Amino acid sequence: MRYRLTFVAGLALGYVLGTRAGRERYEQLKKSAQRIAQNPAVRSTAETAAQQGRQYAGKAFHTVGHKVGDRIPETVAQRVRSLRERNVNATPEDDWGTSNT
């Protein structure tokens, strides 16, 4: 009960402070976040990290696939195949949730 009360008090305090900051502060923070996201250095670093993540995930997939092999139930294997096929058709922008669809 103590933790719930602390959580509710924190939520209420955050709401009050957030409403006092107002829309102007929200817009200011939003513009700052967009400026950072549009920075070429940040975008390049994010793309590099995503590419490395995909590369390591692919290596891990193959390593686990060879070690586990036929012990995976067929339903799980089918699900993994369908997810991989869906991701092959996706654009890199979709990985970040930035597509305009």
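How far apart are the end C-alpha atoms of helix α1 (residues 2-38)? They lie only 43 Å apart. The views below show this and other features of a predicted model.

**View 1. Overall fold of the predicted model.** The protein has 4 helices and 0 strands. Read from the N terminus on, its elements run α-α-α-α. Of the 101 residues in the protein, 2% are buried. The protein exposes about 9,500 Å². Carbon and sulfur atoms supply 58% of that area.

**View 2. The kink in helix α1.** Helix α1 covers residues 2-38, which is 37 residues. A straight helix would reach 54 Å at 1.5 Å a residue, and α1 falls short of this with its 43 Å between end C-alpha atoms. A kink of about 90° is present in α1.

**View 3. A nonpolar patch on the surface.** Four residues form the patch: Phe61, Ile72, Val76 and Val80. Together they have about 280 Å² of accessible area. Ile72 sits in the loop between α2 (40-68) and α3 (74-89). Its relative accessible area is 35%, so Ile72 counts as partly exposed.

**View 4. The salt bridge between Glu74 and Arg81.** Glu74 pairs with Arg81 in a salt bridge. The closest N and O atoms are 3.4 Å apart. That falls within the 4 Å cut-off for a salt bridge. The count by this rule comes to 1 salt bridge. Are the two partners buried, partly exposed or exposed? Glu74 is partly exposed, because its relative accessible area is 46%. Arg81 is partly exposed too, with a relative accessible area of 44%.

**View 5. Confidence along the chain.** The mean pLDDT of the protein is 79. Of its residues, 83% reach 70 or more. Which element has the lowest mean pLDDT? Helix α4 (residues 92-95) does, with a mean of 52. Helix α2 has the highest, at 87. Where pLDDT is low, predicted coordinates should not be read in detail.

Technical notes. Residues numbered from 1 in each chain as written. Predicted model: local features only at pLDDT ≥ 70, side-chain atom pairs only at ≥ 80, totals over all residues. Heavy atoms only, no water. Patch = residues over 30% accessible without salt bridge, like charges linked within 9 Å, V, L, I, M, F, W, Y side chains within 5 Å. Areas by Shrake-Rupley, 256 points an atom, 1.4 Å probe, with all protein chains shown as cover. Salt bridge = Lys/Arg side-chain N within 4 Å of Asp/Glu carboxyl O. Helix = DSSP H or I, 4+ residues; strand = E, 2+ residues; numbered from the N terminus. Buried < 20%, exposed > 50% of the residue type's maximum accessible area, 1.4 Å probe, protein only. Expected span 1.5 Å × (residues − 1). Bend = angle between axes of the 7 residues up to and from the residue. pLDDT = per-residue confidence, 0-100.
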